[in-house]
Amino acid sequence: QVQLVESGGGLVQAGDSLRLSCAASGRTGNTYVMGWFRLAPGKEREFVAAVSWSTGNTYYADSVKGRFTISRDNAKNTVYLQMSSLKPEDTAVYYCAASETWLAHIVVRTQSAYAYWGQGTQVTVSS
């Protein structure tokens, strides 16, 4: 089993930057992909970004491409989401997730591909 703990959320102004962290523990040896999703008020939970543990390949939602950067530190079992040029529309609870499916690299945008989820961290961007 894998445990995920997010941190780094907070209240910032539009245009500011923020870095989220997700620390993984437990039986992480079978993890293929780590992803970030977000849930905004009145919206469905949506894919934000993902990274492959082995190759480092990254994937982004169109809405954050060019502004957000996902990265991982394999030695620390930690993934990061560097968010820049934040907009009020980015306000949401951000969740990290781990996928153990061997098809993860082709279904990284699909919530059902992720078996483990963190508790979420709130990001609020004021206008």
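This is a predicted model: local features need pLDDT of at least 70, side-chain atom pairs count only at pLDDT 80 or more; totals for chains, interfaces and linings use all residues.
Local features need pLDDT of at least 70, side-chain atom pairs count only at pLDDT 80 or more, and totals for chains, interfaces and linings use all residues. Residues are numbered from 1 along each chain as its sequence is written, and side-chain values use heavy atoms, with hydrogens and water left out.

**Sheet**
- Four strands form an open sheet in the order β1-β3-β8-β7, with antiparallel pairing.
- Its edge strands are β1 and β7, each pairing on one side only.
- Neighbouring strands are turned by 15 degrees against each other on average, direction ignored; axes are lines fitted to C-alpha atoms.
- Strands are DSSP runs (E, at least two residues), numbered from the N terminus; two of them pair if DSSP finds at least two bridges between them.

**Strand pairs**
- β1 and β3 pair in the antiparallel sense over six bridges. S7 has its bridge partner, S21, in β3.
- β7 and β8 are also antiparallel, over six bridges. D73 has its bridge partner, T78, in β8.
- Four residues separate β7 and β8 in a hairpin. In the turn, N77 has a positive phi of about 50 degrees.

**Core**
- The largest nonpolar core has 39 residues. Such a core is a set of buried (under 20% relative accessible area, 1.4 Å probe, protein chains only) Ala, Val, Leu, Ile, Met, Phe, Trp, Tyr and Cys residues joined through side-chain atoms within 4.5 Å.
- L4, W36, L81, M83, Y94 and Y114 touch the most other members.
- Beyond four places in sequence, L81 is in contact (heavy atoms within 4.5 Å) with residues including L18, L20, W36, V48, F68, I70 and Y94.

Technical notes. Buried means under 20% relative accessible area, exposed over 50%, partly exposed in between (1.4 Å probe, protein chains only). Axes are lines fitted to C-alpha atoms, for helices over the stretch in contact, and angles run from 0 to 180 degrees between N-to-C directions.
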